[in-house]
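Please keep the viewer open as you go through the points.

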Amino acid sequence: MTGVQTCALPICKRSEAAKARAEKILEAVRGGQKLDEAGKEFGLTPEMTPAVRRTIDGTLPQNITPDLVGQLFRLKQDEYGLATGRDGYFVARLTEIAPADPAADAAGVQNLRADLRQRMASDMGASLTDALKRRLGVSVDAEVVGTVQ
């Protein structure tokens, strides 16, 4: 539930040429060039995006995809990354990491709590099933199970 701001650069349509341009821009900014300078060669101007959360809850800003959000949360502050977007590729710089404020998002905390409970229960059930199979030597005949309706 960390807030993130990015400086994202959309690049043309999804194609090998667009990806190559994005990679060229990424190489330039990682080499010390400013994002706006690196984008000028292709007639592009960086834009600031609104803060985004790690959880994908249907409230992503325009053109921000789950792939881009995932890439952002792998970056350190002021690092650059490359991700696909709805309209092409993004070269993004993580400009800020804002700590989560549980008091400001009680519903989000409850959703996270419920999700974690469900995942833990599922993991525990799978672990118990695996342990019992090993201990008792239980096996499942998939062919027979497939014939039962």
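Is Asp115 buried, partly exposed or exposed? Asp115 is partly exposed, with a relative accessible area of 27%; here buried means under 20% relative accessible area, exposed over 50%, and partly exposed in between (1.4 Å probe, protein chains only). We come back to this residue in point 5.

1. **How to read the model.** This is a predicted model, in which local features need pLDDT of at least 70 and side-chain atom pairs count only at pLDDT 80 or more, while totals for chains, interfaces and linings use all residues. Residues are numbered from 1 along each chain as its sequence is written, and side-chain values use heavy atoms, with hydrogens and water left out.

2. **Overall layout.** The protein has five helices and four strands. Along the sequence they follow the pattern β-α-α-β-α-β-β-α-α. Helices (H or I, at least four residues) and strands (E, at least two) are DSSP runs, numbered from the N terminus. Of the 149 residues, 29% count as buried. Among contacts with a separation of 6 or more, 55% are between residues 24 or more positions apart; a contact means heavy atoms within 4.5 Å.

3. **The hairpin.** Strands E3 (residues 80–85) and E4 (residues 88–98) run antiparallel and are joined by six bridges. Two strands pair if DSSP finds at least two bridges between them. The two residues between E3 and E4 complete a hairpin. To find your way across the pairing, look for Thr84, which stands opposite Tyr89 in E4.

4. Asp78 forms a salt bridge with Arg93, their closest N and O atoms being 2.8 Å apart. This pair links distant parts of the chain: Asp78 is in the loop between helix H3 (66–72) and E3, and Arg93 is in strand E4, 15 residues apart. A salt bridge is a side-chain nitrogen of Lys or Arg within 4 Å of a carboxyl oxygen of Asp or Glu, and by this rule the count comes to three. Asp78 is partly exposed at 45% relative accessible area, and Arg93 is also partly exposed, at 24%.

5. **The other two salt bridges.** Glu41 pairs with Lys24 in a salt bridge whose closest N and O atoms are 3.0 Å apart. Glu41 sits in the loop between helix H2 (35–40) and strand E2 (47–48), whereas Lys24 belongs to helix H1 (residues 16–30), 17 residues apart. Glu41 is exposed at 52%, while Lys24 is partly exposed at 44%. Arg119 and Asp115 form a salt bridge with closest N and O atoms 3.0 Å apart. These two are four residues apart in helix H4, so about one helical turn separates them. Arg119 is exposed, with a relative accessible area of 51%.

6. **Helix H4 and its end.** H4 has 31 residues and spans 45 Å from its first C-alpha to its last, close to the 45 Å expected; that expected span is 1.5 Å times one less than the number of residues. After H4 comes Gly137, whose phi is positive, near 70°.

7. **A nonpolar patch.** Which residues make the nonpolar surface patch of about 380 Å²? They are Leu128, Leu132, Leu136 and Val138. Patches are made of residues with over 30% relative accessible area and no salt bridge, like charges being joined within 9 Å and nonpolar side chains (Val, Leu, Ile, Met, Phe, Trp, Tyr) within 5 Å. Leu128 lies in helix H4 (residues 106–136) and is exposed at 53%. The protein as a whole exposes about 10100 Å², with carbon and sulfur atoms supplying 51% of it; accessible areas come from the Shrake-Rupley method with a 1.4 Å probe, and for residues only the protein chains shown count as cover.
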